[in-house]
Amino acid sequence: MVALGIFLSRVVGLVRMRIFGHFLATGDAADAFTAAFRIPNILQNLLGEGALSASFIPVYAGLLNRGDPESARRVARAIGALIGLFVALCVALGVFAAPWLTDLVAAGTEGAKRDLTVRLVRILFPGAGLLVLSAWCLGILNSHRRFFLSYAAPVAWNVAMIVALLGWGNRTGVEELVAKVAWGSVVGSLAQVLVQLPTVLRVLGGLAGTFKGVEREVGRVLHNFGPAVLGRGVVQISAYVDTLIASFLPTGGQAALGYALTLYNLPVSLFGMSVSAAELPEMAGGEGADEARAAWLRERLGKGLRQIAFFVVPTTWGFVLLGNVIIAALYQSGRFTTDDTNYVWAVLAGCSLGLLATTLGRLYSSTFYALHDTRTPSRFAILRVASNVLVGWWLALRAPALLGVPERWGAAGLTFAFSLSGWLEFWLLRRALTARIGHPAVARGFLPRLWLAAAAGTAVGWGAHLAIGAVHPIPAAVVVLGAYGAAYLATSLGLGVPEARAVLGRVQARLGARAVR
């Protein structure tokens, strides 16, 4: 249900990005919007889903599992009140400090582009605050195993921006258009909260409450929240350093980064986040002696790792070797040309090399959160950020001249550094958790079989690409990616991958049920 909700919201998000590319491509206005969007988003990324899930869900779900729903409701209301007050103050400060934040995060942006970025930051900040409240709703609903609504709610946010793009795309200049899209983002953020709020109110029995009787539990949430925010904070520092570095690249660097990361984040959310989000309440509910709890966590972790890897390995191969087919189908329209497609493909390939590490790392982090340990993932996040900043700066701004390639290709070097640092963090997380609970249950040779199946799928996909010749990007993608996916599934079945049999079994069961109806 998490994956289905994320899939719907991401598909609509891709539609939004295609329309955005049609009207704005990789010009100055697109650069300004991409930079401005990331600045207020610090609220959502610092205080939102990641930090709240890490600190709030283990405590809230634990109270529910122990049969104390009234205390759980009190904790949820108290945390909601504290988050709401803090976010309101941050939004006010962000609107006031927009010029200084822009100069800090996008120092290479000057003149009219800077002025436009400042204007957009001020518009977008209230929407980012609303998205934090949406993450609070998500934590409550996830703990009650109501996964679909909270992960599908961003559909409303994306639809609001699509309406703004289609409504004003042909009626105004590009600067006014991105301002309308920013206001659409704010309206969509409010809609995303309102979609979830009725169900949250039914679960909590209202928003009014008291801290009385739950001071210890609220204190535990806040105690775990600090390290979680620190971990998210250093990751955000890395993201903003990337934006800062990209602002010194030629026009189009920031926009290309935005297009590529939209695609990159699809499997991160669809597979890494969905499995991690579904497993966290289950892991947090495990009880018993230390060894029994460790065995429970190893079993859940191993299952989740296999699920993620089965889907992410072929996605990695697809992004790296067939990325031009995907990007052309999604974005190549209007002002977005074949040259833009190849540019974004290179940027996407750079970050996709670390896709498996990032998605598996999310599940390792969730396992630490289930153990009420938010500090260990935070320490490793700091190391990841430090390596990403140092390597990313060199690859983006120094390596192109040494290699004799145009400066704009530094954007691909920036995302390649992101992949290297992702593998470092994953290795540290895996080593620390293995020392604590033992090795997860993953069959020997599982990953090599997936890599072999993905290689076979890629060969079939490229064969289909060459066979159909020059056709429109969308039917080309349907043929090429369809052949690739079918070959991957068939090969993994032939190699005895259990997850392939499970996927095929679910598809057959669904088709059989429809036939009966």
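Select helix H17, residues 375-397, in this predicted model, and colour its buried positions, which include Thr376, Pro377, Ser378, Phe380, Ala381, Arg384, Val385, Asn388, Gly392, Leu395 and Ala396. From its first C-alpha to its last, this helix of 23 residues reaches 33 Å, close to the 33 Å expected at 1.5 Å a residue.

Among contacts with a separation of 6 or more, 85% are between residues 24 or more positions apart.

Now move to helix H14, residues 323-331, and pick Asn324, which is buried at a relative accessible area of 15%, because the cut-off for that class is under 20%. Beyond its neighbours within four places in sequence, Asn324 is in contact with Thr341, Asn342, Trp345 and His465.

The aromatic rings come next, with 16 pairs found in the whole structure. Select Tyr331 and Phe336, whose ring centres lie 5.6 Å apart with planes at 45°, so the pair is tilted; Tyr331 is buried at 0% relative accessibility, and Phe336 is buried at 2%. Both residues belong to an aromatic cluster that also holds Phe20, Phe33, Phe37, Trp157 and Tyr259.

Finish at Tyr343 and Trp409, with ring centres 5.3 Å apart and planes at 85°, so this pair is edge-to-face. Tyr343 lies in helix H15 and Trp409 in the loop between helices H18 and H19, 66 residues apart; Tyr343 is buried at 1% relative accessibility, whereas Trp409 is partly exposed at 29%.

Conventions
Residues numbered from 1 in each chain as written. Predicted model: local features only at pLDDT ≥ 70, side-chain atom pairs only at ≥ 80, totals over all residues. Heavy atoms only, no water. Contact = heavy atoms within 4.5 Å. Helix = DSSP H or I, 4+ residues; strand = E, 2+ residues; numbered from the N terminus. Expected span 1.5 Å × (residues − 1). Buried < 20%, exposed > 50% of the residue type's maximum accessible area, 1.4 Å probe, protein only. Phe/Tyr/Trp six-rings, centres within 6.5 Å; stacked < 30°, edge-to-face > 60°.
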